[in-house]
Amino acid sequence: MYQHAFALTFHSFSPHYALSLSNFSTQSPNPLLPNFPPFARVPRLRSSVCLRCRTSAADVSPVRYADGSSSSIGENGGIVVAEKPIDVATLGNLCVDIVLSVHELPPPSRGERKALMDELSLSPPDKKYWEAGGNCNMAIAAARLGLQCVAIGHVGDEIYGEFLLDVLHEEGIGTVALDGGTNAKDSSSYRDTLICWVLVDPLQRHGFCSRADFKEEPAFSWITDLSDEVKMAIRQSKVLFCNGYDFDDFSPSFIMSTIDYASKVGTAIFFDPGPRGKSLSKGTPDERKALAHFLRMSDVLLLTSEEAEGLTGIRNPVKAGQEILRNGKGTKWVIVKMGAKGSILVTKSSVSVAPAFKVEVIDTVGCGDSFVAAIALGYIRNIPLVNTLTIANAVGAATAMGCGAGRNVAKRQQVMDLMKASKLNDEEKFFEQLLAENSESPRFNLLSKKKIRKDGSSKQEIETISMEKVVSELLPELEFKRCCVKASS
């Protein structure tokens, strides 16, 4: 994931730095989605719709999940009937990133930084410096892969909010507003869209600053209840995606009640703690409790190797994933992102491994969010596990080749081109070491250029899968989306 906007930090990046962010999202009508009340001043939606297979919520067949099971739901939360026309809903973490060049980074003094932010906020900079941030990255990448998406969150009724909604709607993403009702603060600043000021000095170091830096409580702590519209959106979604930055938006109790509701109505929970995971694990008792609840209740957990080690104390990524699986209530997948080495997907019965694509990295901002979008695609469409990792690696790599997040995340054609080129990092030695260190794992699925030899005494079942086979299976899945065109509703 990218660096978050809520703490002022300094980094050295490539001159091609794109955007930083704080995540957040919203929702509006889509021809394939339920008729949710939109945010204030929502424009007409231009949605990505297949005109030959247009359907309504009532026409959607029961959901079958990636593990082969199907579930259905009733109005009272009983598992009765499943009509889930939405593929992915994202929870919170929406913001607008504004990237500006400055002569020097903000001073460390809290008061001076606050004064600088207030000065920057006096008048909006040119829109060419604006970009959608946070969970918009995941939603945009998912929509470009052909998934029906909605973003649930809070956006203010001002120019920044309008911009964010316009970007989401241009990408065919619906929005559903979280409404704090009578609990909302009187001050209008509490209802404003969250802005992340990304300040870049001549040495390409970056400072991040937002109003959340100067609040002890979450930015939208006044949001305490799920409205009927939000419940409907969650209920009609196959996947609810959350990440660690949700804790900067909402109270731990609100987050816990939301994931409990998603679990109750049969919506799969995806959770990526990101860099916030470390601070949450050492946070307040309520934050630690909520983090533990996420780790227990999530269907799919996404972690870097460092995050997996930090949560379990186990350096071996496979064993760390297996430990997390054992402690989860209904956890089906644990995905460990290994950077240039690739990624690992651990289930109770197998371990799947795919090396990363060999690309020229320009900017890693938004790569983790793009990766998650492809994992959701594989989970929802029941794509084979190694294939799912491969397309996720390709989407992350395609984003890294560009400049920034938001509308700059991977496009479907870029992903297809990468897979056709099939240039993978050479990680055969890493694979062999992984097999040797996890000889007790019964089954390994490996994306590899050549057959991997195993120890003669090992009882492991190893399947080596060629890139040619994976590409031949994945390309039709992506090329089919070419029948989807921009349409106006």
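**Helix packing and local features**

Trainee: H2 and H11 are oblique to each other. At what angle do they pack?

Mentor: This is a predicted model, so local features need pLDDT of at least 70 and side-chain atom pairs count only at pLDDT 80 or more, while totals for chains, interfaces and linings use all residues. Residues are numbered from 1 along each chain as its sequence is written, and side-chain values use heavy atoms, with hydrogens and water left out. Oblique is what remains after roughly parallel (under 35 degrees), roughly antiparallel (over 145) and roughly perpendicular (65 to 115). Axes are lines fitted to C-alpha atoms over the stretch in contact, angles run from 0 to 180 degrees between N-to-C directions, and for H2 (residues 136-144) and H11 (residues 367-381) the value is about 45 degrees.

Trainee: Which hand does the crossing of H2 and H11 have?

Mentor: Look at how the near helix is turned from the far one: anticlockwise by less than a right angle is left-handed, clockwise is right-handed. The crossing of H2 and H11 is right-handed.

Trainee: How many charged residues are in the contact of H2 with H11?

Mentor: Contact means heavy atoms within 4.5 Å. H2 brings Asn137, Met138, Ala141 and Ala142, and H11 brings Asp369, Ser370, Val372, Ala373 and Ala376. Ala, Val, Leu, Ile, Met, Phe, Trp, Tyr, Cys and Pro count as nonpolar, Asp, Glu, Lys and Arg as charged, and the others, Gly among them, as polar. That contact divides into 6 nonpolar, 2 polar and, for charged, 1.

Trainee: H11 also packs on H12 (residues 385-400). How is H11 directed relative to H12?

Mentor: The axes of H11 and H12 are 8 Å apart, at about 150 degrees. That makes H11, relative to H12, roughly antiparallel.

Trainee: How many polar residues does the contact of H11 with H12 have?

Mentor: H11 passes H12 in a right-handed crossing. Contributors from H11 include Phe371, Ala374 and Ile375, and those from H12 include Leu389, Ile391 and Thr399. By class, there are 10 nonpolar residues, no charged ones, and a polar count of 6.

Trainee: Is Thr399 buried or exposed?

Mentor: Thr399 sits in helix H12. Buried means under 20% relative accessible area, exposed over 50%, partly exposed in between (1.4 Å probe, protein chains only). At 0% relative accessibility, Thr399 is buried.

Trainee: Which strand holds Leu100, and which residue lies 7.5 Å from Leu100, C-alpha to C-alpha?

Mentor: Leu100 is in strand E6 and is buried, with a relative accessible area of 14%. Beyond four places in sequence, Leu100 touches Leu120, Pro125 and Tyr129, among others. The residue at 7.5 Å is 97 residues away in sequence: Trp197.

Trainee: What phi does Asn93 have?

Mentor: Most residues other than glycine have a negative phi. Asn93 lies in the loop between strand E5 (86-91) and strand E6 (94-101), and is buried at 0%. Its phi is positive although Asn93 is not a glycine, at about 60 degrees.

Trainee: Where does Ser422 lie?

Mentor: Ser422 has a positive phi near 55 degrees. At 25% relative accessibility, Ser422 counts as partly exposed. Its place is the loop between helix H13 (412-421) and helix H14 (428-437).

Trainee: How many strands are in the protein chain?

Mentor: Helices (H or I, at least four residues) and strands (E, at least two) are DSSP runs, numbered from the N terminus. Buried residues make up 59% of the 489 residues. The chain has 15 helices, and its strands number 20.
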